[in-house]
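Notebook open, model loaded. I want to go through the helices, the charged pairs and the surface, one entry at a time.

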Amino acid sequence: MTENEIKLKAIAALTALRGGEEPGFVSELLGEVIPSEFVVPAWAGPEEVGLSLLNQLSDPLSALISGFILAFEAIANAYDETDAEPSTEQILQDVALGLARDDSE
């Protein structure tokens, strides 16, 4: 799967969630970006196996995160152009404060 295809999966997942799709469907959609097979040298020890798996997972996960960021930026920019209150920065701060409160409880 190409980097752009993975970014499109991220955008499709967000679109599906906003469209009322079941979370299970969205999880399956995102799961499609994870390789179903990994290539590991037969002679590799535990450390080499771990590094190999990490390397093979990092590219698709990075592309997925990039897709989410791209989608968020587009939505945030469109929202901010409406001069609506609160601003995206304030919304993000409120979300962060809520998570910080949850961690402290």
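This is a predicted model: local features need pLDDT of at least 70, side-chain atom pairs count only at pLDDT 80 or more; totals for chains, interfaces and linings use all residues.

**Entry 1: the first helix**

I looked at what comes after H1 and found glycine 20, whose phi is positive, near 90°. Helices here are DSSP runs of H or I with at least four residues, numbered from the N terminus. Numbering starts from 1 along each chain as its sequence is written, and side-chain values use heavy atoms, with hydrogens and water left out.

I checked the length of H1: its 16 residues reach 23 Å from first C-alpha to last, close to the 22 Å expected at 1.5 Å a residue. That expected span is 1.5 Å times one less than the number of residues.

Which residues of H1 are buried? I got Ile6, Lys7, Lys9, Ala10, Ala13 and Ala16. Buried means under 20% relative accessible area, exposed over 50%, and partly exposed in between (1.4 Å probe, protein chains only). The buried residues of H1 pack against H2 and H3.

**Entry 2: salt bridges**

I counted a salt bridge as a side-chain nitrogen of Lys or Arg within 4 Å of a carboxyl oxygen of Asp or Glu. The tally by this rule is 2.

Lysine 7 pairs with glutamate 3 at 3.3 Å, N to O. Both sit in helix H1, 4 residues apart, about one turn of the helix. Glutamate 3 counts as partly exposed because its relative accessibility is 48%.

Glutamate 32 bridges to lysine 9, with the closest N and O atoms 2.2 Å apart. Glutamate 32 is in the loop between H2 and H3 and lysine 9 is in helix H1, so this pair ties together parts that are 23 residues apart in sequence. Lysine 9 comes out buried at 18% relative accessibility, whereas glutamate 32 is partly exposed at 43%.

**Entry 3: loop and surface**

I then looked up phenylalanine 38, which is in the loop between helix H2 (23–31) and helix H3 (46–80). Its relative accessibility is 33%, so I logged phenylalanine 38 as partly exposed.

Serine 52 is in helix H3. Is serine 52 buried or exposed? Buried, at 13% relative accessibility. Leaving aside neighbours within four places in sequence, serine 52 is in contact (heavy atoms within 4.5 Å) with Val39 and Val40.

Terms used: Helices (H or I, at least four residues) and strands (E, at least two) are DSSP runs, numbered from the N terminus.
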